[in-house]
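The sequence and the structure come first.

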Amino acid sequence: MEQLSFLGGVAAPLSVTDITQHIRLILENDTVLQDAWVQGEVSNASQPKSGHLYFTLKDAGAALRCVMWRNQVAQQVYMPKDGDAV
């Protein structure tokens, strides 16, 4: 990943590749996040023709946008739906 460069005191924009690689490194090296389990309520669940399941996992203070890839969807015995506590 490239180092941040500054133009006139302002950071130059990062490429999509740069930012996703940086986020990946942070997540992969954070011991708290390496084996995290998240609890919340499912909302806005949708499954388009791609077969992926898109949903939001939320609690009283925040929300995470999520995706379950179609190969994982195919292995599910129970499909989460809006209002489910998971």
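## Burial and surface

A residue is called buried when its relative accessible area is under 20%, exposed when that area is over 50%, and partly exposed in between. By this cut-off, buried residues account for 17% of the 86 residues in the chain. The model is a predicted one.

The accessible surface of the chain is about 7200 Å², and carbon and sulfur atoms contribute 57% of that area.

## Overall fold

Two helices and five strands make up the secondary structure of the chain. Along the sequence they follow the pattern β-β-α-β-β-β-α.

Contacts can also be viewed by sequence separation. Of the contacts in the chain between residues at least 6 apart in sequence, 28% connect residues at least 24 apart.

## The three-stranded sheet

Strands β3, β4 and β5 form an open sheet in the order β3-β4-β5, with antiparallel pairing. Its edge strands are β3 and β5, each of which pairs on one side only. From one strand to the next, the twist averages 25°. In general, the strands of a sheet pair through backbone hydrogen bonds, in a parallel or an antiparallel sense.

Strand β3 covers residues 41-46 and strand β4 covers residues 53-58; four bridges link the two in the antiparallel sense. Glu41 has Lys58 in β4 as its bridge partner, and Ser46 has Tyr54 in β4 as its partner. The hairpin of β3 and β4 has six residues between the strands, and Gly51 in this hairpin adopts a positive phi near 95°.

## Cys66 in strand β5

Cys66 lies in strand β5, which spans residues 63-68. Is this residue buried, partly exposed or exposed? Cys66 has a relative accessibility of 22% and therefore counts as partly exposed. The cut-off for buried is under 20%.

Leaving aside residues up to four places away in sequence, Cys66 touches Leu53, Tyr54, Phe55 and Leu57. One of these contacts, Tyr54, is also the bridge partner of Ser46.

Key
Residues numbered from 1 in each chain as written. Predicted model: local features only at pLDDT ≥ 70, side-chain atom pairs only at ≥ 80, totals over all residues. Heavy atoms only, no water. Buried < 20%, exposed > 50% of the residue type's maximum accessible area, 1.4 Å probe, protein only. Contact = heavy atoms within 4.5 Å. Pairing = 2+ DSSP bridges. Axes fitted to C-alpha atoms, helices over the stretch in contact; angles between N-to-C directions. Areas by Shrake-Rupley, 256 points an atom, 1.4 Å probe, with all protein chains shown as cover.
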